[in-house]
Amino acid sequence: GFKPASRIASIGVSKILQVGARAAAMKRDGLPVIVLGAGEPDFDTPENVKEAAKAAIDAGETKYTALDGTPALKKAIVEKFRRENGIDYDIDEVTVATGAKQILFNAFMATLDPGDEVIIPTPYWTSYSDIVEICGGVSVLIPCDAKANFRLQAEQLETAITSKTRWILLNSPSNPSGAAYSAEDYRPLLDVLIRHPHVWLMVDDMYEHIVYDDFAVATPVAIEPRLKNRTLTINGVSKAYAMTGWRIGYAGGPKALIKAMAVIQSQATSCPCSVSQAAAVEALNGPQKFLKERQESFRRRRDLVVERLNDIDGLDCRTPEGAFYTFSSCAGVLGKLTPKGRKIEADHDFTDYLLEEAHVAVVPGSAFGLSPYFRISYATSQAELMEALNRIKHACSALR
Ligand code: PLP
């Protein structure tokens, strides 16, 4: 029979994908399921970006490109980091991959030896720990609940660091919590890292353009240049430019790390998609005004969802600074009985109940390493959100 390699033996298919698959099956059976699970914007890729891709095809840019990014895209990335983040990276300090997910993969594959530890605050994007484990590392998960505004505290970091710590991975704004670190929030953590020179910092700024209420996004290398020689600053076009399917992610970091990552990439994909790279050049160099408009649209939806959630008995939702997710506590419904007499013992019982009885698909906190919570992705229409929240409210009031 089939025997998987030990490196994936403990890893299952992502719970987020499981929820999606169940919801899709129920929809096929004709049930009116509203899916609030997807981690992608509901906007279209901007027209100028699509045009750039078509032009690239017509110009014959359909062959292998330079291993870790075309010169044009690397230049656009260098300029982006300077313009938006105030960081000076050289051309050979940036890399492009098939999504930020592959950036993470290349980086961990290139740096982790068996048993090396990666500190990951929870709740976290599930892929982080799975990629670490596939690459032979050990994820050290540190709970950061709503009381801490879902942010890692300096003392927690200090305590978690051992001689085996290779990386600490921070994500701001966060999937799934939507919480973000300001420069002030980052400061004490960066001070800890200054004292521990063997620990490298990976930061995932994927959602930096989706922030609200004039929140000032910050990124560690800009705040603390002394960490530049051991930080990988990860970003991508998927979320800001609604380009999830184009699969382009990028990062800036020390030259030696960037080179080591290219070794992995050279035997995995040879290069990112040529046409998508041309599109990403236009995304980064082209007009940026639409970002604010989209932000405003997300903000209205965030406000709607947070207000409605907090109006429901048993739920409690912190207002997120960014991304397009809410991460709401459902501690108040634990121990209750559903109308069919089933007991809600954990967040996944609650999300199962919402899917089966209210036909609303959301993801349990357990999928992100922190319970009892659940994540809503509000990157869907206001009408659908309102209907979904009505159903959630109704379902909660039916609990005894
Ligand atoms: N980082 C975070 C926090 C994400 O939520 C995602 C996608 O869901 C990614 C990175 C990966 O983005 P991509 O591989 O599409 O560039």
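Two notes on the ground rules. This is a predicted model, in which local features need pLDDT of at least 70 and side-chain atom pairs count only at pLDDT 80 or more, while totals for chains, interfaces and linings use all residues. Residues are numbered from 1 along each chain as its sequence is written.

1. **H4 against H9.** Helices (H or I, at least four residues) and strands (E, at least two) are DSSP runs, numbered from the N terminus. Helix H4 (residues 100-111) packs on helix H9 (residues 255-266) at an angle of about 105 degrees, and their axes are 8 Å apart. The axes are lines fitted to C-alpha atoms, for helices over the stretch in contact, with angles running from 0 to 180 degrees between N-to-C directions. H4 and H9 are therefore roughly perpendicular to each other. From H4, the contact uses Asn-106, Ala-107, Met-109 and Ala-110, and from H9 it uses Ala-260, Met-261, Val-263, Ile-264 and Gln-265. Contact here means that the C-beta atoms of two residues, placed from the backbone, lie within 7 Å. By class, seven of these residues are nonpolar, two are polar and none is charged. (Ala, Val, Leu, Ile, Met, Phe, Trp, Tyr, Cys and Pro count as nonpolar, Asp, Glu, Lys and Arg as charged, and the others, Gly among them, as polar.)

2. **H12 against H13.** The axes of helix H12 (residues 347-358) and helix H13 (residues 382-397) cross at roughly 110 degrees and come within 10 Å. H12 and H13 are therefore roughly perpendicular to each other. Tyr-353, Leu-354, Glu-357 and Ala-358 of H12 meet Arg-391, Ile-392, His-394 and Ala-395 of H13. The residues of this contact divide into five nonpolar, one polar and two charged.

3. **H7 and its buried face.** Helix H7 (residues 183-194) has 12 residues and reaches 16 Å from its first C-alpha to its last, close to the 16 Å expected at 1.5 Å a residue. The expected span is 1.5 Å times one less than the number of residues. Tyr-186, Leu-189, Val-192 and Leu-193 are buried in H7. Seen down the axis of H7, these buried residues fall within an arc of 115 degrees, so they line one face of the helix; the arc is that of the directions from the helix axis to the C-beta atoms. A residue is buried if 20 or more other C-beta atoms lie within 10 Å of its own, exposed if 12 or fewer, and partly exposed in between, with C-beta atoms placed from the backbone. On the other side of H7, Glu-184 and Ile-194 are exposed. The cover over the buried residues of H7 includes helix H6 (154-160), strand E6 (200-204) and helix H8 (220-223).

4. **H10, an enclosed helix.** Nine of the 12 residues of H10 are buried, so this helix is largely enclosed by the rest of the structure. Among the buried residues of H10 are Gln-277, Glu-282 and Leu-284. The buried residues of H10 pack against helix H2 (47-58), helix H3 (71-85) and strand E2 (94-97).

5. Thr-70 sits in the loop between H2 and H3. Thr-70 is buried, with 20 other C-beta atoms within 10 Å. Leaving out residues up to four places away in sequence, Thr-70 touches Thr-65 and Gln-277, and Gln-277 is one of the buried residues of H10.

6. Most peptide bonds are trans. Here a cis bond joins Ser-172 and Pro-173, with omega about -15 degrees, and another cis bond joins Asn-175 and Pro-176, with omega about 20 degrees. Pro-173 is in the loop between strand E5 (165-171) and H7, and Pro-176 is in the loop between E5 and H7 as well.

7. Ala-242 has a positive phi of about 50 degrees although it is not a glycine. Ala-242 lies in the loop between strand E7 (231-236) and strand E8 (249-252) and is buried, with 21 other C-beta atoms within 10 Å. His-359 also has a positive phi, near 55 degrees. His-359 lies in the loop between H12 and strand E11 (360-361) and counts as partly exposed, with 19 C-beta neighbours inside 10 Å.

Key:
Angles under 35 degrees count as roughly parallel, over 145 as roughly antiparallel, 65 to 115 as roughly perpendicular and the rest as oblique.
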